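Hi,

Here's the structure I said I'd pass on. Have a look at it first, and my notes follow below.

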Amino acid sequence: MRLVPVIPVADPADERLADYVRLTDVALRSRSEPERGLYIAESSTVLRRALAAGHRPRSVLVEQRWLADVEVMLAAFGERAPAGDVPVFVADRPVLEAITGFHVHRGALASMHRPVLPAPSALLDGARRVAVLEDLVDHTNVGAVFRSAAALGVDAVLVTPRCADPFYRRSVRVSMGTVFQVPWTRIAPWPAGVAELRARGFTVAALALSDDAVPLDEFVAAIPPRVALVLGAEGDGLAPGTVSAADVVVRIPMAGEVDSLNVAAASAVAFWATR
């Protein structure tokens with residue numbers, strides 16, 4: 001891939017940098033990025049994983065000290081999948097922070113073309129263990145769940161229509177780029193999607209607190225061949241309709257008068273126990 005010349009920028013209002021403006025505005029970015037077909041990869045590590053997954057860059061905004069690493073990554077990507085010219089904008093740290101509104105992690109950002117999400121059936125065929133994230137609102141938790149899913153061998157992640165975007169910058173960064181590694185898509189409608197999981201041979205296990213909940217270790221002792229682990233929103237947990245639609249309700253045994261874990265921690269426990 002032939003790279004355009006490196007472009008120094010000194011004006012935070014430069015219109016060529018529009019993709020990177022107001023990155024801390026969660027409401028704005030969560031709406032506008034999917035509509036515009038883009039997401040932001042932050043740090044050279046995350047960019048490397050995005051490129052390795054075949055995602056195409058639109059542009060890169062980088063601090064001078066990270067330029068050499070980025071150029072090597074883009075050159076390697078161009079050899080595998082030519083995608084036209086990729087402008088590489090270089091700015092000093094104060095300019096980067098004026099554009100984005102925050103201290104840029106490891107001095108590199110990339111505006112990436114958002115890949116088309118597959119149909120749930122494409123991920124479920126051949127999968128043994130999947131996770132379903134119902135209405136999680138915290139991007140940090142979404143990223144942490146994906147990192148645990150990657151580390152503990154979950155085959156795919158399905159997210160409900162109101163779940164936070166796994167490709168939002170904070171989710172991507174917290175996941176260390178594993179949102180590009182674990183196959184995922186949205187499942188809709190929900191909780192009607194439970195029927196699709198069941199039709200494909202999955203036992204749908206809702207992680208929730210209820211009187212008839214089965215302890216996790218008891219569930220694992222006779223674990224079904226295909227399992228969908230459903231994790232609920234922070235605070236409220238799973239919706240009553242989801243719990244009633246599930247095949248089984250599973251709880252993590254607790255001590256110390258603690259009744260529940262953060263959803264990211266609970267996901268790691270469940271993924272490890274069912275691996």
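Which residues lie nearest the centre of the largest pocket? They are Leu-207, Ala-208, Gly-237, Ser-260 and Leu-261, out of 22 lining residues.

Before the rest, a word on where this comes from. It's a predicted model, where local features need pLDDT of at least 70 and side-chain atom pairs count only at pLDDT 80 or more, while totals for chains, interfaces and linings use all residues. Residues are numbered from 1 along each chain as its sequence is written, and side-chain values use heavy atoms, leaving out hydrogens and water.

Back to the pocket (an open set of points on a 1 Å grid over the protein atoms alone, where a 1.4 Å probe fits, with protein on both sides within 12 Å along at least five of seven lines; lining residues have an atom within 4 Å of a point). The largest one has a volume of about 410 Å³, taken as the space filled by probe spheres set on the points. Its lining divides into 13 nonpolar, 5 polar (Gly counts here) and 4 charged (Asp, Glu, Lys and Arg) residues.

One of the elements giving two or more residues to that lining is strand E11 (227–231); strands here are DSSP runs of at least two residues.

Leu-229 is the bridge partner of Ala-131 and of Ala-205.

Cheers

Definitions and conventions
Helices (H or I, at least four residues) and strands (E, at least two) are DSSP runs, numbered from the N terminus. Two strands pair if DSSP finds at least two bridges between them.
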